[in-house]
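Please read the following explanation alongside the sequence and the 3D view.

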Amino acid sequence: MARVERGSVRVLPYAPLCALLSLHVAIGLLMPASAWAQSTGTVRGLVLDEAGAPLAGVTLALDSVSQGISGRGAVSDASGSFTIPALPPAGDYVLSAAIPGFATLTLTDIEVAAGRVATLKVTLQRQTEMRERVEVKARPQVVTLEETTTETRISAEFIDSLPILGRNYQDILTLAPGVTDVDGDGNPNIHGARDTDVITLVDGVSTSDPLTGKRGAELNIESIQEIEVKTSGALAEYGRAQGGFATILTKSGGNDFEGTMKFYWRGSLLDGDGAGADDPRLHAGLGESGLRDLRFNDYLPFLSVSGPIRRDHAWFFLSNEYIQQQDPVNALSNAFVTGIKEVREFAKITWQAGANHRLAFSLNYDPQQFLNQGLNSLTREESGYTLRQGGPMLTVKASSVMNPYVVLESLVSSFDERPSIEPTLDPDTNHNGILTYDRNGNGFNEASERDPGEDYDNDGKFDVFEDFNGNGRLDAGEDQDGDHRLTGPNSCEGDLREDVDCDGLLTEADDDRNGNNSIDDTPVPSDLYPYGELRPLPPDKEYSIDLRRGITSGPYYEEFRDRRRRFTLREDLSAYVPDYWGSHDLKFGFVLERENFDRDARARDVLSPFIRRNREGPSTIAAI
């Protein structure tokens, strides 16, 4: 057993909610400004009269049915400006502007994007004797001149209409210019950078593997509200990547109950050729004779439900997905089915604690199994292994509007990935609970100390003491077990033998179970040896490579279990200064990440037997 640790840190897994909120408020009071996380947006605008003069004291109210937002608003200042910050992304916001003496104006379908400022120009008409209601549909800017980042935004509506193969968000990232995944392993690269140089942030939390730098978590595609791919010009709040960033925002429930259910299926029943019926001369393989008999089925059911826990105050979103994918493989002289079994669970609860305070709890859980790995044309299926990945990721996020110009967001997250490798065939093939005996007592498991079971010489028979005259030869009448060789002292085997100490004598240490005063190890007299169908317990099989035929057999030689964890604390504060030698957006912040990794590993011997030809006498089997 080996254990490796890196950066181990003792972190309290839970913190009381009151302590989290106290920390959230304290940081907001002490910090002057901090970098605003890209999970909410802002509506900012200018209110004018029909002559173009600014209007002060105009009451503006903003509502969103999908996000359960109501009553969020502002009052225009002396310059006619207003700001409504910390808005969850949505495209159905409605803004109403009212002031005595002017007709009320309503703007609908306002789109608020994460990390963006939606700029509006509101013009109010003076009210005449005839009451008038003006409704205007707002549209976002096609080109934002102040943006310096090269990015691609993909909404949930766009994802639903994509004809992509599979249910992985990584397949969507490659739609952005400059993003490719040539080998299809789910780790894209951007502009030719390494695939470990792409960081994926889910609601502001990194999901990269702390050990390898590659993807560390899968996400239910139904839980995605928006994907933003940054390929160049990322702001200072992003780091630890040289290629680019993928920022994913998850959905939250609203005041309306909604649900979606879908089911995908693919199987060999609909494939007229089974797993393949090519002429074997095309690929030197098995062809129709070996592949047509393979059976495979893909099942992809999923269900998402969202709605209010308490209208206008608390909402939930739940998405469940099960994936079973089986792929037939033609490995020339072998044919087998590899598979994936995976569960993707996402749950989120959002609480509007007050008009200016919002709290969200989310859990992502993605256990995965990759079956029949490590196989090829010369490796038997018993010698494969199962790769397990995934684990829970818990995130708590709080956002507060301190005043119309200052917004604070705090985030605490725990990421816990648990990869492992498990041999397809149990290394304890004789199921006696023993893998090795430390016979020499040196504390190490050596090749000669593996579990021999009861059949030390691997002849399939129980051996009993036979050299009764002590001449070292197999004489007539001494072949008790019928294997045509002499079993001498300390060579008898099997838990059922009578000669427990292998000395050829019925002493006090021995037990003459059948009462015939003879060392024959037959508890039930029988003409068949050993006892009809009873056979000695065979030794454990080893991972072996036959050097003559090239065939690999036996249980896979390695297994391990990992814990790869990351604790994240993030604080972001955004301040807007409307009139100090112009208007200014001030952003500061910090991200604290602590990672640790530990592994329990077990490795067994790899045997390479071959045939050694002797000039005289029979051939012998050797191993290296």
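In this predicted model, the count of aromatic pairs comes to eleven. One of them joins Phe 263 and Tyr 299, whose rings are tilted, with 6.5 Å from centre to centre and 45 degrees between the planes. Phe 263 belongs to strand β17, residues 258-267, while Tyr 299 belongs to strand β18, residues 297-310, so this pair ties together parts that are 36 residues apart in sequence. Phe 263 has a relative accessible area of 52% and is exposed, because the cut-off for exposed is over 50%. Tyr 299, at 31% relative accessibility, counts as partly exposed.

Another tilted aromatic pair is made by Tyr 405 and Tyr 576, with 5.8 Å between the ring centres and 45 degrees between the planes. Tyr 405 is found in the loop between β24 (392-403) and β25 (406-417), and Tyr 576 is found in strand β29, residues 558-577; the pair therefore ties together parts that are 171 residues apart in sequence. Are these two residues buried or exposed, or partly exposed? Tyr 405 has 26% relative accessibility and counts as partly exposed. Tyr 576 has 13% and counts as buried, because buried means under 20% relative accessible area.

Tyr 576 also takes part in a contact with a charge. The charged end of Arg 44 sits over the ring of Tyr 576, 3.6 Å from the ring centre. A further arrangement of this kind involves Arg 566, whose charged end sits over the ring of Phe 415 at 5.5 Å from its centre.

Ring pairs can also join into a group. Tyr 385, Tyr 543, Tyr 556 and Tyr 557 are linked by ring pairs into a cluster.

Strands of a sheet pair through backbone hydrogen bonds, in either a parallel or an antiparallel way. Here, three strands form an open sheet with mixed pairing, in the order β28-β27-β31. β28 (552-553) and β31 (606-607) stand at the edges and have a single partner strand each, which means that one side of each is left without a neighbour in the sheet. In which sense do β27 and β31 pair? Strand β27, residues 543-545, pairs with β31 in the parallel sense, over two bridges.

Technical notes
Residues are numbered from 1 along each chain as its sequence is written. This is a predicted model: local features need pLDDT of at least 70, side-chain atom pairs count only at pLDDT 80 or more; totals for chains, interfaces and linings use all residues. Side-chain values use heavy atoms; hydrogens and water are left out. Two strands pair if DSSP finds at least two bridges between them. Helices (H or I, at least four residues) and strands (E, at least two) are DSSP runs, numbered from the N terminus. Rings of Phe, Tyr and Trp (its six-membered ring) pair if their centres lie within 6.5 Å; planes under 30 degrees apart count as stacked, over 60 as edge-to-face and the rest as tilted. Buried means under 20% relative accessible area, exposed over 50%, partly exposed in between (1.4 Å probe, protein chains only). A charge sits over a ring if NZ of Lys or CZ of Arg is within 6 Å of the ring centre and within 35 degrees of the ring normal.
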